Amino acid sequence: MHHSIEAKPYPFEFDPGCCALLIIDMQRDFLEPGGFGEMLGNDVSQLRRTIEPNRELLAAWRANQLPVIHTREGHRADLSDLPPSKKMRGKGNKTIGDDGPMGRILVRGEPGQDIIPELYPVPGEPVIDKPGKGAFFATDLGAILSHMGITQLVVTGVTTEVCVNTTVREANDRGFNCLVPEDCVGSYFPEFQRMGLEMIKAQGGIFGWVTHSSAILSKLPLL
Ligand code: C5J
């Protein structure tokens, strides 16, 4: 059964039977005070405001027994999947693979690379470890979604203009309809938050739709 969700540029035809919640990179190193993101001089409060709306949406999604998929940006411990170009980018004192405030920076299995406790995955929810910004690049996400019969994605997480936008663009090219609740995505930079959302919904929804989590929650019967 379809439900029309109020969204921009026009209502999104939500089909709960084939829609997954895809939560992008809500990792300790990006969101927690004292993590890698803050060490780089970023204001983590810009991301932390997304935790509560994501927690509410995730709780409703689980209560309605709809599929949830989480992603984490990160690399193998031997860094063999880390492009040298990504290692060098930023020219900071510390880069990916170095010892950071919460273990080796963006290395799989390290505390900082893991998902924040407020949104921690439960058994049965796939976690995609991705080496790139887009969740489809060099992962089995596409195969998992195909096996699940998923054609629509509600995409949340961080950061709006980087991993969320890249993933929405990748998903759009693969034929998925993507809905992005603006209160559930965050950027360290307010102007990128605004433009990241504008770019998705411009030109008649060139990459997808933008809404608020309250509009989605109103269509989920069990809260
Ligand atoms: C994400 C980043 N997750 N900004 N990563 O957006 O490097």
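Among contacts in the chain between residues at least 6 apart in sequence, what percentage join residues at least 24 apart? With contact meaning heavy atoms within 4.5 Å, the share is 73%. The structure is a predicted model, in which local features need pLDDT of at least 70 and side-chain atom pairs count only at pLDDT 80 or more, while totals for chains, interfaces and linings use all residues. Residues are numbered from 1 along each chain as its sequence is written, and side-chain values use heavy atoms, with hydrogens and water left out.

Turning to the overall fold, the chain holds nine helices and eleven strands, taken as DSSP runs (H or I, at least four residues, for helices; E, at least two, for strands) and numbered from the N terminus. The radius of gyration of the chain, 17 Å, agrees with the value near 17 Å for a compact globule with 223 residues; this radius is taken over C-alpha atoms, and the globule rule is 2.2 Å times the number of residues to the power 0.38. The C-alpha trace spans about 50 × 35 × 30 Å along its principal axes. Of the 223 residues, 51% count as buried (under 20% relative accessible area, with exposed over 50% and partly exposed in between; 1.4 Å probe, protein chains only).

Now to the cysteines: zero disulfides (pairs of cysteine sulfur atoms within 2.5 Å) are found in a search of the whole structure. For cysteine 19, the nearest cysteine sulfur belongs to cysteine 18, 7.1 Å away. Cysteine 19 is buried, at 0% relative accessible area. For cysteine 178, the nearest cysteine sulfur is that of cysteine 19, at 9.1 Å, and cysteine 178 is likewise buried, with 0% relative accessibility.
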